Amino acid sequence: MIAVPEIVMEIRKIIEIPDELNKRYSKLAMGLPDCQAEDGLWHTVLDRQDYYKETSGSAGIASGFIKAVKSRMLDPSYLAVSRLTLESVLKLITSEGKVTGVSGGTAVKATVEDYNRVRICPTLYGQGLTVQLLIESILTE
């Protein structure tokens with residue numbers, strides 16, 4: 001969700017962006033709000049509401065939405081989706097700055113059930129994706 005709008009913003013200056021890229025990105029983006037939990041986060045397996053909610057993935061999706069709105073790949077309605085995520089993510093940052101609710105590395109698993117068994121622990125990528133969301137949110141105000 002983050003990389004495509006970043007790349008589009010850079011290469012738009014030198015080449016025309018294929019419609020197919022915009023269509024595929026939009027299709028992916030349209031499905032994500034339907035999987036979003038009421039608090040704004042997404043579950044580690046998107047269509048499994050009984051699985052834990054994952055902070056860094058949620059921050060990445062929300063950050064991507066903001067970037068996509070800025071790059072004109074998505075309409076501004078996605079900013080409200082991102083704002084809801086931001087509100088929940090902020091509550092998951094400790095007073096020491098540690099981002100909680102982040103799954104330990106998630107390589108490809110043998111079964112869908114295995115994803116719900118991934119250990120939840122602070123990680124550098126969890127911090128990084130959260131910082132991405134914070135920066136994008138500040139820059140949109």
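**Helix packing and a pocket**

Visitor: Is the crossing of helix 3 and helix 6 left-handed or right-handed?
Guide: The model is predicted. In it, helix 3 crosses helix 6. The crossing is left-handed.

Visitor: At what angle do helix 3 and helix 6 pack, and how far apart are their axes?
Guide: Two numbers describe a packed pair: the angle between the axes and the distance between them. Helix 6 covers residues 124-140. Its angle to helix 3 is about 30 degrees, and the axes lie apart by 8 Å.

Visitor: How many residues of the contact of helix 3 with helix 6 are charged?
Guide: Helix 3 brings residues including Ala 59, Ile 66 and Lys 67, and helix 6 brings others, among them Leu 129, Leu 133 and Glu 136. Seven residues of this contact are nonpolar and nine are polar. The charged ones number three.

Visitor: Which helix gives the largest share of the lining of the largest pocket?
Guide: The pocket has a volume of about 170 Å³. Strand 1 and helix 3 each supply at least two lining residues. The largest share is four residues, and they come from helix 3.

Visitor: How many residues of that lining are polar?
Guide: The lining includes Trp 42, Glu 54, Ser 56 and Ser 103. Three lining residues are nonpolar and one is charged. The polar ones number seven.

Visitor: What kind of aromatic pair do Trp 42 and Phe 65 form?
Guide: The count of aromatic pairs is two. In this one, Trp 42 sits in strand 1 and Phe 65 in helix 3, 23 residues apart. Their ring centres are 6.2 Å apart, with 75 degrees between the planes. Planes over 60 degrees apart count as edge-to-face, so the pair is edge-to-face.

Definitions and conventions
Residues numbered from 1 in each chain as written. Predicted model: local features only at pLDDT ≥ 70, side-chain atom pairs only at ≥ 80, totals over all residues. Heavy atoms only, no water. 1 Å grid on protein atoms, 1.4 Å probe; cavity = no way out; pocket = protein on both sides within 12 Å on 5 of 7 lines; lining within 4 Å. Points joined across faces, edges and corners; volume = space filled by probe spheres on them. Nonpolar A, V, L, I, M, F, W, Y, C, P; charged D, E, K, R; others polar. Axes fitted to C-alpha atoms, helices over the stretch in contact; angles between N-to-C directions. Left-handed = near helix turned anticlockwise from the far one by under 90°. Contact = heavy atoms within 4.5 Å. Phe/Tyr/Trp six-rings, centres within 6.5 Å; stacked < 30°, edge-to-face > 60°.
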